[in-house]
Amino acid sequence: MDGKTRRRGAELEDAILRAAADELAETGYPGLTMERVAQRAGTNKNAIYRRWPNRAALGVAAYRHLAEDTLKPPDTGGLREDALTLLRAINCGQSSPAARILRGLLTGVGDEPELREQLHEQAAEGAAKTWLTIVDRAVARGEARPEARNPRVATVALVLLRNEILTRGLTTVDDDVLVEIVDEVYLPLVGA
């Protein structure tokens, strides 16, 4: 032993996810290997495989780990401001390392069905949870209809933002577009 204590649990998981994110940032998804992540994290491949069954699951988990701060639901006291605050954070984050990693993962989707499945499950789950929290609070305040607690309804603003980014090839969207998404589509859809 070299005097280091063995990392376990959350500490080891964090080190692996940071190493995977660094690998994704440097080499992209095609260059992501369990061997390189293990080496960078100072662990072995078995420790990674016990947590993530394949590189697709690891890549998506690393993205979510980086994006967690962006996905935290704001609590401004009003549905409109919550939705705008969250859309603005996501929009500003489009040039972040997490966004670059997500774009890299998305480019690998066509070649790897496992990656497509992981992205769909994990990214949708995290986004839906955040938007459902905002809608739940709005329902409690009487600002939103209880029927808006549907993940497809709750995440409409995010889907429209993603559509703007993907179909127009943008890295960020003008703020007036965000306001239009919230005021012209989201609030009429979910509002009480």
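Colleague: With which residue does R18 form a salt bridge?

Modeller: This is a predicted model, and the rule for a salt bridge asks for a side-chain nitrogen of Lys or Arg within 4 Å of a carboxyl oxygen of Asp or Glu. For R18 the closest N and O atoms of the pair are 2.8 Å apart. The two partners both lie in helix α1, four residues apart, which is about one turn of the helix. The partner of R18 is D14.

Colleague: How many salt bridges does the rule count, and how many are there between domain 1 and domain 2?

Modeller: By this rule the count for the protein comes to 15 salt bridges. The protein is divided into domain 1, residues 9–62, and domain 2, residues 69–190, and across their interface one residue pair is found in polar contact. The count of salt bridges between domain 1 and domain 2, however, is zero.

Colleague: How much area is buried between domain 1 and domain 2, and what share of it do carbon and sulfur atoms give?

Modeller: The centres of the two domains, taken over C-alpha atoms, are separated by 26 Å, and the contact takes 10 residues from domain 1 and nine residues from domain 2. The size of an interface is often given as the accessible area lost when the parts come together. Between domain 1 and domain 2 that area is about 810 Å², and the share given by carbon and sulfur atoms is 74%.

Colleague: Which residues of domain 1 lose the most area to domain 2?

Modeller: By class, the side of domain 1 that touches domain 2 has seven nonpolar, two polar and one charged residues. Three residues on that side together account for 57% of what it buries, and they are Y29, A56 and V60.

Colleague: Which helix supplies the largest share of the side of domain 1 that touches domain 2?

Modeller: Two helices, α1 (9–27) and α4 (55–67), each supply at least two residues of that side. The largest share amounts to five residues, and the helix it comes from is α4.

Colleague: How many helices and how many strands does the protein have?

Modeller: The C-alpha trace spans about 60 × 35 × 25 Å along its principal axes. From the N terminus on, the elements run α-α-α-α-α-α-α-α-α-α. The protein therefore has, by DSSP runs, zero strands and 10 helices.

Conventions: Residues are numbered from 1 along each chain as its sequence is written. This is a predicted model: local features need pLDDT of at least 70, side-chain atom pairs count only at pLDDT 80 or more; totals for chains, interfaces and linings use all residues. Side-chain values use heavy atoms; hydrogens and water are left out. Domain bounds come from an automatic or database domain assignment. Contact means heavy atoms within 4.5 Å. Buried area is the accessible area (1.4 Å probe) that two parts lose on being put together, summed over both. A polar contact is a pair of N or O atoms within 3.5 Å; within protein, one must be able to donate a hydrogen and the other to accept it, and residues adjacent in sequence count only if both atoms are side-chain atoms. Ala, Val, Leu, Ile, Met, Phe, Trp, Tyr, Cys and Pro count as nonpolar, Asp, Glu, Lys and Arg as charged, and the others, Gly among them, as polar.
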